[in-house]
Amino acid sequence: MVRTLTARGSGLTATVSPRGASRLKNGHVWVYRSDIVSAEGAAPGSLVNVVDHRGQFLGSALYSSSSQIAIRLISREPVADFPALLRQRIGEAIAYRENVVSNTDAYRVIFSEADFLPGLIVDRYNDILSIQILTQAMDAESVRQTVISELTERLHPASIVERVDPRVRQLEELPPLDSGLRQGEKTSTKFTMNGILFHFDALEGQKTGAFLDQRENYAAAALYAHGEALDVFCYQGGFALHMAPRCSHVVGVDSSRPALEVADQNAALNRRDPNQPEIEWIEANAFDLLKDYASSGQRYDTVVLDPPAFAKSKRDLDAALRGYKELNLRALKMLRPGGVLVTCSCSYHVSQADFLQMLADAARDAHRTLRLAEVRGQGKDHPILLNVEETAYLKCVIATAS
Ligand code: SAH
């Protein structure tokens, strides 16, 4: 029987070291370049058969000729028809969301490794799809075409936009490429989550436009929010907008003026009751502002902390934990008795245990007792592969402080 084994037709084998093999056998899907014994002739981005040093087959993987992550397993079986596998995986990712995602027309449709499609991220914002391509294999023209045609057939978007991270393309030694429309004409729309409306501009903003991973945490935070609320690192207002109907006053803080301008437009979209107080948006460095507020005796009933990732690598862990502790300590000092703290971390190098320990230390130093209401993670549209710890990154703790 003749098998077509690759996206680009190389049919090659990559041999991995015993350490690389045991990583795969333990359930991880990556093998680092230092654990590749040989991959001679494997074209950049090709599908390869992975074997151990004795020649035992371990799976089929997408190969990168430049990334430190040389191999990303896509199947534990031989792959006879790569485009068919891609289509099947896309179908399964969409079907999974149909079951678990509710109350929104914005969610992550495909989450890379966690949907067994390493290197591909697809987010849906109502009628616009935003895609990110992170590897040589997913960048291949034939793969792009398969992905776009399958997404179109199944989801019928008005348009598909690609968001390009130039740093990723450099690491993958891919030619420079601009973000832009890949299909259709529409670049802006409105989406809804938990009944709250948001503006979406596909070619602006951070990430692919919104922090979809926090969607379920917004709804959870709104359950506890009350009184005067402060949303620190508010971006386009995700937490603030969800809390506003429950609070007497809401302040959102971010250092990005463009983000706050969208936040303000979002607030206008949702302010149906003219008696509801307007949300106040403050452009500031959150660290300075918290320091000033904490020392000048400002008090709040609800504080949200959702900073950017402090630990970009394992080396940064200690500094990151100190940063989180400082922020949380200040927030705790500002909370009135019975106040609610919603505190997040999106650094995957900071484990949930590390994060809770940091919070316990902050509470001790602030002489406050924290009672945990919810220890949460990323939304269900961002599933976690248990053996691939990099897929679990978001922590969101909701606690009351007495
Ligand atoms: N809570 C937001 C997401 C926050 S992402 C949501 O749910 O949509 C982190 C935000 O922190 C970004 O908007 C970024 O502009 C902001 N930021 C980064 N450094 C900052 C700083 N030093 N002070 C204030 N904001 C900062």
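The exercises below use a predicted model.

**Exercise 1. How many residues surround the ligand, and of which classes are they?**

Solution. 
- Step 1: With the definition above, 16 residues surround the ligand.
- Step 2: The closest are Y218, F233, D254, A286 and D306.
- Step 3: Sorted by class, the shell holds 10 nonpolar, four polar and two charged residues.

**Exercise 2. Which polar atoms of Y218, D306 and S255 lie by the ligand, side-chain or backbone?**

Solution. 
- Step 1: In Y218 a polar side-chain atom is 2.5 Å from a ligand oxygen atom.
- Step 2: In D306 a polar side-chain atom is 2.7 Å from a ligand nitrogen atom.
- Step 3: For S255, a polar backbone atom lies 3.1 Å from a nitrogen atom of the ligand.
- Step 4: The ligand taken alone exposes 580 Å², and the protein buries 88% of that.

**Exercise 3. How many disulfides does the model have?**

Solution. 
- Step 1: A disulfide needs two cysteine sulfur atoms within 2.5 Å.
- Step 2: For C247 the nearest cysteine sulfur is that of C234, 14 Å away, and C247 is in no disulfide.
- Step 3: For C344 the closest cysteine sulfur is in C396, at 3.9 Å, which is too far for a bond.
- Step 4: The count by this rule is zero disulfides.

**Exercise 4. Is C247 buried or exposed, and what of C344?**

Solution. 
- Step 1: Buried means a relative accessible area under 20%.
- Step 2: C247 has a relative accessible area of 9%, so C247 is buried.
- Step 3: C344 has a relative accessible area of 0%, so C344 is buried.

How values were computed:
Residues are numbered from 1 along each chain as its sequence is written. This is a predicted model: local features need pLDDT of at least 70, side-chain atom pairs count only at pLDDT 80 or more; totals for chains, interfaces and linings use all residues. Side-chain values use heavy atoms; hydrogens and water are left out. A residue is near a molecule or strand if one of its heavy atoms lies within 4 Å of it. A polar contact is a pair of N or O atoms within 3.5 Å; within protein, one must be able to donate a hydrogen and the other to accept it, and residues adjacent in sequence count only if both atoms are side-chain atoms. Accessible areas come from the Shrake-Rupley method with a 1.4 Å probe; for residues, only the protein chains shown count as cover. Ala, Val, Leu, Ile, Met, Phe, Trp, Tyr, Cys and Pro count as nonpolar, Asp, Glu, Lys and Arg as charged, and the others, Gly among them, as polar. Buried means under 20% relative accessible area, exposed over 50%, partly exposed in between (1.4 Å probe, protein chains only).
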